[in-house]
Amino acid sequence: FFPLQSQLSQALNGLSDRAKEAKEFLVQLRNMVQQIQENSVEFEACLVAQCDALIDALNRRKAQLLSRVNKEHEHKLKVVRDQISHCTVKLRQTTGLMEYCLEVIKENDPSGFLQISDALIRRVHLTEDQWGKGTLTPRMTTDFDLNLDNAPLLQSIHQLDFVQMKVSSPVPAPPILQLEECCTHNNSATLSWKQPPLSTVQVEGYILELDDGNGGQFREVYVGKETMCTVDGLHFNSTYSARVKAFNKTGVSPYSKTLVLQTSEDTQSEEQTLPFPVPLERSQLRRMSPFSSTLNLQPSFPGRSYFELRSSAHQLSLHSSLQSLNSAGEPIAWFSFDPASAHTDIIFSNDNLTVTCNSYDDRVVLGKTGFSKGLHYWELSIDRYDNHPDPAFGVARIDVLKDAMLGKDDKAWAMYVDNNRSWFMHNNSHTNRTEGGITKGATVGVLLDLTRRTLTFSINEDQQGPVAFENLEGLFFPAVSLNRNVQVRALTVLCSLWLSRLPLM
């Protein structure tokens, strides 16, 4: 009897311990219910705040886009109203002249008629000439060529989801820069990297950083999954440091070894002063020289036409300096047209050296190389010219309007020309009408002198009008606007041949 009581007592003690643990566990669960409710309220408030922030950002962007539409609306109305006013004045003058001529014709006095007939006929012909090409053509289309690209945002909204904050893998190992795959191209540098051979950690992307070429802070110039990147717009005659790191959901790897590179000191090279982050382009480039611990980026010449002449200690004149450059046989760097920044209606061929358009409206295309210092001259051949259009040639900022004639906004300085005459245009202001136009086979030259800060044009190697623009400063890209009736090709040029025909400035 007593042994059984002892066994039961011991069993009850064990059960009592389990019951006590169960009560404590129930208290814990009840506390968890309370905590879940509190966390749910807090998390819902955070989610609502995040979504409201996205909605606010979308509303702000909507307001900005509506503002652009309103500006385009006002611009179109102004152009059309100005043309209405101009045409009304000319029509009133023409009508008055016609009425006067009809009265003169009724004159019965032959001697009186003979006295004024010659002058009156000349005046009629002059008035008729004023109604020349383009006068009765609308200067502005009624369409709003603005297509909102909302597909990526809608896709991002549909993919909006919660991320489980769990550490599933370690951070990646530092990438290794592949020196044998790195190369140079004019004022661009291509960097290539890979993960260490024995690394099994998943990598979601890479971050490439460069300093400012003057020993300043590193800045991100590329974030993505690719393992090769071309960085454009570097300063010439500068020393850059580059490094790369990898990342995944867990975190970011340490940096790779820092690569020091020295850009070319060649005085023919042009310096672009683009702000960071600079535009990026991934492409296969002809290998010039492999990277080592210190790089000397020698210029290569893949496209068409530019060169820079830095001012000498002897302050040679423009004319004699160019003659000296030509006689010395110095190389000339080239550019090609840039599909990445052009309007979508532009059609490229001949390794991006030839451009035309599939629209009847004017569309803008820029050269790939920008200029901020020195002396530059390039020529463009008119390979097709139908129905007497008026293409425009000149220079522009990178953010110039791409869907209007070059010079319509304040980001471009241009000469537009038809088969009879030309005009200079900037910020939609037309000046310096000059006789002499273009035909198929004509050559248009552009002289950008950033030492004197001037822009001058030529047609078939003869200067067209006076100096077109002065006080130019900043970064300029070669630019052309054309429609489907024109095809333009960038030419190799020998600068001093044309400049020897110009008066010294």
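Select strand β19 (residues 421–426) together with strand β20 (residues 429–435). The two run antiparallel and are joined by 5 bridges; strands pair if DSSP finds at least two bridges between them. Strands are DSSP runs of E with at least two residues, helices are runs of H or I with at least four residues, and both are numbered from the N terminus. This is a predicted model, in which local features need pLDDT of at least 70 and side-chain atom pairs count only at pLDDT 80 or more, while totals for chains, interfaces and linings use all residues. Residues are numbered from 1 along each chain as its sequence is written, and side-chain values use heavy atoms, with hydrogens and water left out.

Within this pair, display Met425, which stands opposite His430 in β20. Proceed to the hairpin of β19 and β20, where 2 residues lie between the strands and Asn427 takes a positive phi near 55°.

A hairpin of 3 residues leads from β18 to β19. Strand β19 is largely enclosed by the rest of the structure, because 5 of its 6 residues are buried (under 20% relative accessible area, with exposed over 50% and partly exposed in between; 1.4 Å probe, protein chains only).

Finally, select helix α2 (residues 110–130). Centre the view on Ser117, where α2 bends by about 40°, the angle between axes fitted to the seven residues ending there and the seven starting there. Ser117, Leu120 and Thr127 are the buried residues of α2.

Definitions and conventions
The expected span of a helix is 1.5 Å times one less than its number of residues.
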